[in-house]
Amino acid sequence: MKQSILAIGVMVCALGGCTSANPDLLTVRTEGPDEFSIVPTKPLQQPEDFASLPQPTPGGSNLVDPTPEADAFAALGGNAAVLTRAANDPALAAYTGRYGVTPNIRGELAATDLAFRKRNPGRILERAFDVTTYYKAYRRQALDQHAELERFRAAGVRTVAAPPTGAQ
């Protein structure tokens with residue numbers, strides 16, 4: 001009896017050691033390439049003046065990158081430059097940053113979320129059998145859309161209808 005309990009304990013510890021240092025909450029595994037990551041580019045073209053080319057920036061855009069919104073805007077007779085105007089508008093940037101800006105917000109959020117996931121890694125057997133723990137981990141942070149809808153309506157705010165719950 002003691003040997004079987006000891007063997008089960010060893011197996012549970014061994015399965016617990018199989019978890020990674022970066023706990024994944026969604027256990028979706030894909031095989032092969034992601035077909036949505038392949039995007040056709042525009043044809044290469046030589047600029048009129050090489051001195052007028054912008055300086056390359058990490059994560060920045062390229063002249064041959066697809067711009068579906070701007071292309072659709074121009075095809076419908078609009079001015080595609082309007083779409084990039086907000087990025088070059090210092091008044092808009094000053095207004096949106098009036099309460100302060102955290103320069104490394106993505107890194108801070110990623111570190112905070114990683115710490116949260118390490119504190120709430122899920123049960124050992126859930127990890128061993130690739131059971132998704134995402135919804136369970138973030139359950140307390142979820143917003144009940146119907147309760148919020150009723151709260152806003154009770155406060156006199158005009159709202160649109162919420163989608164129905166459950167299967168139709």
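Tutor: Let us begin with a pair of side chains: arginine 153 forms a salt bridge with glutamate 150, and their closest N and O atoms are 3.8 Å apart. The model is a predicted one, in which local features need pLDDT of at least 70 and side-chain atom pairs count only at pLDDT 80 or more, while totals for chains, interfaces and linings use all residues. Residues are numbered from 1 along each chain as its sequence is written, and side-chain values use heavy atoms, with hydrogens and water left out.

Student: Why is the contact between arginine 153 and glutamate 150 called a salt bridge?

Tutor: The term requires a side-chain nitrogen of Lys or Arg within 4 Å of a carboxyl oxygen of Asp or Glu. The closest N and O atoms of arginine 153 and glutamate 150 are 3.8 Å apart, therefore the pair meets the definition.

Student: What separates arginine 153 and glutamate 150 in helix α8?

Tutor: They are separated by about one helical turn, because they are 3 residues apart in helix α8. Helices here are DSSP runs (H or I, at least four residues), strands are E runs of at least two, and both are numbered from the N terminus.

Student: What makes arginine 153 and glutamate 150 count as buried, partly exposed or exposed?

Tutor: Buried means under 20% relative accessible area, exposed means over 50%, and partly exposed lies in between (1.4 Å probe, protein chains only). Arginine 153 has 40% relative accessibility, so this residue counts as partly exposed, and glutamate 150, at 47%, is partly exposed as well.

Student: How many salt bridges does a search of the whole structure find?

Tutor: The search finds 3 salt bridges. One of them joins aspartate 71 to lysine 42, with the closest N and O atoms 3.7 Å apart. That pair links distant parts of the chain, since aspartate 71 belongs to helix α2 and lysine 42 to the loop between α1 and α2, 29 residues apart. Glutamate 148 also forms a salt bridge, with arginine 151, at 2.7 Å between the closest N and O atoms.

Student: Which secondary structure does the protein chain have, and how much of the chain is buried?

Tutor: The protein chain comes to 8 helices and 0 strands. Buried residues make up 8% of its 168 residues.

Student: What makes leucine 53 partly exposed, and where is this residue found?

Tutor: Leucine 53 is partly exposed because its relative accessible area is 35%. The residue is found in the loop between α1 (2-16) and α2 (68-75).
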